[in-house]
Structures are given as C-alpha cells and as structure tokens.
Amino acid sequence: MNAVQDNFDIKATLAGSRLVGLWRLMHGFRLPYFGAVTSLGAAAVSKTGTYLLLRVLADRLLPALQGNPSANPVMALLPWIAAGFVFLAVFEGGFTYISGRLAAYTAEGIARRLRNYLFDHIQRLPFSYLDKMQTGELIQRSTSDVDAMRRFFADQAIGVGRILLLFIVNFTAILNLDTTLGLASVIVIPVIVLVSIFFFRRVTKAYESYQEQDAVLSTTLQENLAGVRVVKAFARQDFERNKFEKDNHRKFVLGRRLLLMHSTFWPLSDIICGAQMLGGFVLAAIFAIDGRITVGTYLAYHGLVVWLIWPMRNLGRLIVQASTGLVSYGRVMEIVRQDREPLEEGKLQASLHLRGEIAFENVGFHYDQGAEVLEDITFTCQPGQSVALLGSTGSGKTSLVNLLPRFYEYSTGKILLDGVELNQYSRKFLRSQIGIVEQEPFLFSRSLRENITYGVGRAVSQQEIEQAAKVAAIHDIILSFPDGYDTLIGEKGVTLSGGQKQRVAIARTLLKDPRILILDDATSSVDTETEAAIRQALKQLMVGRTSFIIAHRIQSVMHADLILVLDQGRIVEQGTHDELLARGKIYPQIHDLQTRIESELEQEIASAERRISSTEQAK
Ligand code: M5T
Ligand code: MG
C-alpha cells in the first residue's frame with residue numbers, strides 16, 4: 001500500500017454495531033489478518049502434534065524397548081521421533097514469528113490509516129464544530145483512542161482466531177482420545193462466558209469514564225502549556241497544580257477501579273479454569289487406573305488439556321480487554337461521524353473573474369444556539385472600494401467579515417457578491433479569492449519564508465516575497481535575523497513580537513494576491529508610525545481590490561469609501577468620513593475624543609521637550 005495516499009473512506013464503515021464497524025475498518029487488511037490467525041493456528045496445531053507424538057512414544061515404543069533395548073529394531077525409530085519433536089518446535093516457532101509480523105502489519109496499518117484520516121478529517125470540519133470541541137479532547141481521541149484500537153487489532157482480533165483454533169484442534173484431539181473425558185473437560189464453558197460478559201459490561205463502563213477523564217487531563221495540560229504566560233504572570237502555579245492534581249486524582253481513582261476489576265476477574269477465571277483442569281486430571285487418572293485409557297493417552301491428555309483450558313481462560317480475558325477497543329472505537333467514530341465542511345459545494349466554481357461588488361441585505365447571524373450577534377446588516381460597496389468597520393469590542397466586526405469566506409453561514413437576509421448570493425459560490429473558490437489577516441494571526445513553527453508563502457500554492461520568486469514583506473514593513477526586520485528569510489520561528493527558532501507576527505501575516509495575505517482583502521485589526525499591535533507606513537503602502541495595493549478594514553484608530557478608517565459604525569451587532573451609522581462628521585452622532589464623538597487625546601498628547605510632548613531644552617540651557 002502506498003505510504004501516503006489511501007482514499008479509503010472510513011466514514012463509510014459507520015453502520016450497525018461497534019463490532020461490525022471494526023470489522024469494516026479492516027478493509028484491505030483482511031488477508032494479512034487471516035494470515036496471522038492461520039499462522040497462529042498452525043503453531044497451535046504443532047503443539048497438539050507434540051503431545052500426540054509423546055503418546056506414540058509412551059504407548060508403542062517404550063513398552064517394546066523395555067527389557068530388550070539393544071538389538072531392538074524399534075531403536076532405529078528413536079532418532080526420527082526426536083527429529084519429529086525438533087521439527088514441531090521449529091514449525092511452531094516459525095509460524096508464531098510469521099503471525100507476529102502479519103499481526104503487526106495489520107494493526108499498525110489500520111492505525112496509520114485511521115490517524116491519517118482523522119488528521120485530514122478534523123481540519124475539514126466546520127468552525128461550528130471545532131469551536132465547541134476542546135483541543136485536548138481531539139488530541140486524545142486521535143492518539144490514545146486510536147492506540148487502544150491498534151491494540152485491539154494486534155491482540156484481541158488476532159487472539160480470537162487463535163483461541164478458536166486452539167480450542168477446536170485440542171478439543172477434537174481429546175475427544176478422539178476419549179469422548180467422555182473430552183466432554184467432561186469443557187463443562188465450565190458456560191460459567192466462564194457468563195462471568196466474562198458480566199465483567200465485560202462493567203469494564204466497558206469503567207474504561208469509558210477512564211478515557212473521558214484522560215481527555216480532561218489532556219485538555220488541562222494542553223491549555224496550561226498554551227497559556228503558560230498567563231499562569232506565570234498571575235503567579236497561579238499553585239492554583240493550576242491543585243486543579244491538575246484534582247483531575248489527576250480522579251484519573252487515578254478511575255484507573256484503580258479499572259485495574260481492580262481486572263484483578264478480580266483474572267483470579268476468578270483462574271480458579272474456575274483450575275478447578276476444571278483438576279477435575280480433568282482426576283478423571284483421567286481414574287480412567288488410567290481402571291485401564292480405560294493407556295498411560296500414553298493419559299500423558300497426552302495431560303498436555304492437551306492445558307491447551308484446551310488456555311483458550312477458555314483467554315477467551316474471557318479477551319472479551320474483557322476487547323471492551324477498551326470498542327469504547328475507543330466509539331469515541332473515535334464520534335468525530336468521524338461529523339460532516340465535513342463542503343468545500344467544493346456551490347454552483348459557481350473557479351475560473352470566474354470576481355469584480356468584488358458586495359451587498360449585505362438585512363443580514364442576521366448568530367453562532368450555534370447563541371443569541372443574535374448581527375442584526376439587519378445592510379450596506380453595499382462597489383468593486384475596488386474600501387469598507388471600514390468601527391465599533392466597540394464585541395460589536396460584531398469580526399463576525400461580520402467572517403461571513404464572507406463562509407466560515408459561518410448567516411441565518412437571515414442575503415449577502416450578494418457580484419450580484420450572486422454568497423452560498424452559490426463554493427467555499428474553496430471564495431477562500432481562494434479572499435485574503436484575510438486574522439485578529440490574532442497564527443504562524444507555524446516553520447521558516448519565515450514558508451510562513452509568508454503559505455497560502456500561495458505556486459512557486460514564488462524571492463523578489464515577490466520581499467515585495468510583500470516590504471509593504472508589510474517586515475523586510476528589514478527579517479534581514480536583521482542571522483538566517484534572514486530562512487529563520488525558523490516558534491518553538492525551535494526566534495520568537496516574534498505581536499506586531500512582527502501581524503506584519504508577517506499581512507505579508508502572507510498580500511502575497512496571495514486576493515480580490516477581496518480583509519484586515520481584522522491587523523495593525524493593532526503596531527506603533528502609530530509603522531501603521532502609517534503600512535497604511536501608505538497598502539493604499540497602492542488596495543487599488544482594484546475590495547477591502548475591509550477593521551481598526552480602532554480614526555486615521556486608519558477615515559480614507560475608506562464607506563465607514564460602518566457597529567454597535568451591538570447593528571450598523572448605527574454609515575457613510576464617508578465627511579458625511580459621518582456632518583450628520584453622524586457616534587462617529588463625531590469618537591473622532592473628537594481621539595483627536596483631543598492626540599492633540600493633548602502632542603501638547604504634553606511639546607511642553608516636555610521645552611522643559612528639557614530649558615533645563616539643558618540653564619546648565
Ligand atoms: C461579537 C460572540 C462574542 C460577541 C459577539 C468570534 C466569536 C464571537 N462570538 C461568539 O459567540 N463566538 C465566536 O466564535 O459574538 O463578537 P466579535 O464579532 O468577535 O466582535 P468584534 O470583532 O467586534 O470585537 P473586537 O473585540 O474584536 O473588537 O458577543 O461573544
Ligand atoms: Mg474582532
């Protein structure tokens with residue numbers, strides 16, 4: 001099988017019970033699976049052969065040799081018998097090895113496919129699902145639960161075949177030795193099955209809570225690592241430690257309960273099986289004393305019955321252990337069951353030339369089951385125009401622009417792009433046309449070059465990269481790093497400041513050359529001077545593109561063709577800078593406030609400078 005591509009649709013295996021689902025998951029691996037099971041079976045048969053050979057030795061050869069060993073023709077047979085034992089041992093070892101290899105191939109192969117599928121699947125799920133799901137939980141299910149399933153395939157799925165084969169072969173062999181003895185050796189089977197089912201149910205429940213708690217712990221750890229700065233800044237280490245210890249203690253309790261169940265089950269099944277074995281030995285001994293069976297048969301039975309009881313005992317163990325695989329299967333399939341965001345769906349696909357005219361008509365929107373976040377949003381912007389969004393925090397600016405790439409679907413009204421409703425365009429196409437600088441940009445732990453060229457999808461020249469970096473005012477900073485554009489950022493490389501990150505994100509978006517540009521507070525962490533420089537450079541780039549700019553500084557929005565003032569999810573004022581100054585209410589207030597603060601600042605700086613120069617003169 002190819003190392004990377006495997007288009008097996010795991011979602012298609014979802015149907016019916018968990019066992020059926022697991023069986024379907026084995027698609028493409030059934031041949032090696034059966035190979036592994038039959039190899040184990042072959043190894044098991046060789047063991048039976050050993051005991052049957054022992055019987056021949058004891059019943060036929062040894063009596064013939066007694067009293068007359070030297071000149072006996074039977075002597076010549078002994079090396080052959082010895083060779084037979086050696087052969088059976090090698091045979092058993094060989095097949096056990098083959099079975100191990102095939103089992104590993106099967107289990108690891110299925111697990112690899114599952115991991116690949118989950119990775120791909122999770123990144124294709126809609127925001128509405130990802131927002132709800134905790135990262136730690138997703139990680140837990142794609143690692144620990146997949147691993148439990150791998151163990152299921154490696155041990156339990158293979159083991160069940162081995163157990164059945166061992167049982168059938170040895171049971172037949174013993175029945176052939178003596179029917180009554182054979183039947184008497186398996187009378188505890190119903191008891192074993194009942195006890196196993198009882199424990200299976202309990203272990204399943206216990207393991208479920210154990211895995212859930214494990215996920216809680218993963219989430220705590222993951223959040224703590226992500227938020228380590230906050231923890232340190234607020235000196236909350238003790239609080240976090242106590243919280244973790246509490247969660248961890250719960251896991252300890254649940255884990256102990258699980259182990260306790262196992263450790264009650266094993267001795268119990270051992271006692272039942274031990275009693276069965278003892279009964280068998282006694283009966284066989286009585287039969288041997290009575291002369292009903294030969295000494296050789298007794299010897300063979302002695303060996304065989306061990307390998308008849310073994311599968312019975314292990315069937316119970318296997319049923320109980322299988323519960324973990326089944327629980328994990330359920331947890332993993334909960335993710336698989338989720339519908340992906342249909343990227344290609346939509347009548348209008350690529351090769352379309354967007355002009356970039358956007359109209360919102362009474363658009364309303366709310367997040368999953370939440371209250372209305374946007375209400376009655378109506379505005380129009382012509383191709384190539386710039387729209388600025390202004391509004392207090394939480395007023396819905398980010399939510400509004402996130403509707404354009406169809407990250408979320410609006411609930412009422414209409415959004416028209418070039419006169420066509422937005423949901424007629426495929427998400428893939430829209431996202432290829434829209435460049436968005438997120439409010440909190442994320443950069444990968446890769447080189448700066450890789451980060452900047454991330455969304456381009458074609459080969460780009462160094463010149464193009466530098467051009468974008470220059471506009472975003474990050475080029476000089478990048479050159480100041482020893483490795484320039486090849487500098488690694490993130491955990492293994494340099495750590496960028498908030499403003500630097502934003503600028504790399506701007507460069508990344510500019511290089512994508514989108515028809516529609518969205519800057520969500522993209523210069524919030526950049527000083528005023530740099531912001532002015534970026535704004536200036538962006539001006540040329542925004543020509544011919546429709547752009548949305550979210551900003552808090554009047555300077556950043558005043559040149560926009562349309563300014564929307566948002567408050568609690570509604571547009572309260574819209575127009576150009578001059579229009580709003582003339583007839584607006586909120587906009588002039590914001591404007592006055594900001595200009596006043598700025599002029600006060602300027603005055604203070606000027607007077608401070610005067611003071612400094614006068615004291616210097618006095619010296
Ligand atoms: C508007 C809520 C949020 C707020 C309102 C992103 C997001 C927001 N909200 C959710 O319930 N779920 C979400 O995933 O929506 O939020 P916003 O659009 O992010 O506001 P903003 O961009 O104007 O604010 P800010 O702070 O970025 O200036 O009630 O709870
Ligand atoms: Mg926002």
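## Burial classes and the model

A residue is buried under 20% relative accessible area, exposed over 50%, and partly exposed in between. Glu 92 has a relative accessible area of 22%, so it counts as partly exposed. The model is predicted.

## The Glu 92 salt bridge

Glu 92 pairs with Lys 47 in a salt bridge. The closest N and O atoms are 2.6 Å apart. Glu 92 sits in helix H3 (residues 78-123) and Lys 47 in helix H2 (residues 30-65), so the bridge ties together parts 45 residues apart in sequence.

Lys 47 is buried, with a relative accessible area of 19%. Glu 92, at 22%, is partly exposed.

## Other salt bridges

The count of salt bridges comes to 28. One of them joins Glu 137 and Arg 331, with 3.4 Å between the closest N and O atoms. Glu 137 is buried at 14% relative accessibility. Arg 331 is buried too, at 6%.

Asp 513 and Arg 545 also meet through their side chains, at 2.7 Å from N to O. Both are loop residues. Asp 513 is in the loop between helix H16 (498-511) and strand E7 (516-520). Arg 545 is in the loop between helix H17 (528-542) and E8. The two are 32 residues apart, and the pair links distant parts of the chain. Asp 513 is partly exposed at 47% relative accessibility, whereas Arg 545 is buried at 11%. Elsewhere, salt bridges with shared partners build one network from Glu 137, Arg 141, Asp 145, Arg 331 and Glu 334.

## The shell around ligand 1

Which residues surround ligand 1? They are Tyr 367, Val 373, Ser 392, Thr 393, Gly 394, Ser 395, Gly 396, Lys 397, Thr 398, Ser 399, Gln 439 and His 552. By class, the shell has nine polar, two nonpolar and one charged residues. Helix H11 (residues 397-401) gives the most to this shell, with three residues.

For Thr 393, a side-chain N or O atom is 2.5 Å from an oxygen atom of ligand 1. For Gln 439, the corresponding distance is 2.5 Å. For Lys 397, a polar side-chain atom lies 2.7 Å from a ligand oxygen. On its own, ligand 1 has 620 Å² of accessible area, and the protein covers 62% of that.

## Ile 550 and Thr 398

Thr 398 is one of the residues around ligand 1. Its C-alpha atom is 8.1 Å from that of Ile 550. Along the chain, Ile 550 and Thr 398 are 152 residues apart. Ile 550 belongs to strand E8 (residues 546-550). With a relative accessible area of 2%, Ile 550 is buried.

## Nonpolar residues at the surface

Leu 593, Ile 597, Leu 601 and Ile 605 make up a nonpolar surface patch. Together they have about 360 Å² of accessible area. Ile 605 is located in helix H20 (residues 586-618). Its relative accessible area is 46%, so Ile 605 is partly exposed. A patch residue needs over 30% relative accessible area.

Ile 271 is in helix H9 (residues 237-290). Is Ile 271 buried or exposed? At 59% relative accessibility, Ile 271 counts as exposed. The C-alpha atoms of Ile 271 and Asn 248 are 34 Å apart, and 23 residues separate the two along the chain.

## Positive phi outside glycine

Ala 235 has a phi near 50°, a positive value in a residue other than glycine. Ala 235 is in the loop between helix H8 (228-233) and H9. Its relative accessible area is 56%, so Ala 235 is exposed.

Asp 418 has a positive phi of about 50° and is not a glycine either. Asp 418 is in the loop between strand E4 (412-417) and strand E5 (420-421). At 18% relative accessibility, Asp 418 is buried.

Note on methods
Residues are numbered from 1 along each chain as its sequence is written. Chains are lettered from A and ligands numbered from 1 in the order in which they are written. This is a predicted model: local features need pLDDT of at least 70, side-chain atom pairs count only at pLDDT 80 or more; totals for chains, interfaces and linings use all residues. Side-chain values use heavy atoms; hydrogens and water are left out. A residue is near a molecule or strand if one of its heavy atoms lies within 4 Å of it. A polar contact is a pair of N or O atoms within 3.5 Å; within protein, one must be able to donate a hydrogen and the other to accept it, and residues adjacent in sequence count only if both atoms are side-chain atoms. Accessible areas come from the Shrake-Rupley method with a 1.4 Å probe; for residues, only the protein chains shown count as cover. Helices (H or I, at least four residues) and strands (E, at least two) are DSSP runs, numbered from the N terminus. Ala, Val, Leu, Ile, Met, Phe, Trp, Tyr, Cys and Pro count as nonpolar, Asp, Glu, Lys and Arg as charged, and the others, Gly among them, as polar. Patches are made of residues with over 30% relative accessible area and no salt bridge: like charges are joined within 9 Å, nonpolar side chains (Val, Leu, Ile, Met, Phe, Trp, Tyr) within 5 Å. A salt bridge is a side-chain nitrogen of Lys or Arg within 4 Å of a carboxyl oxygen of Asp or Glu. Buried means under 20% relative accessible area, exposed over 50%, partly exposed in between (1.4 Å probe, protein chains only).
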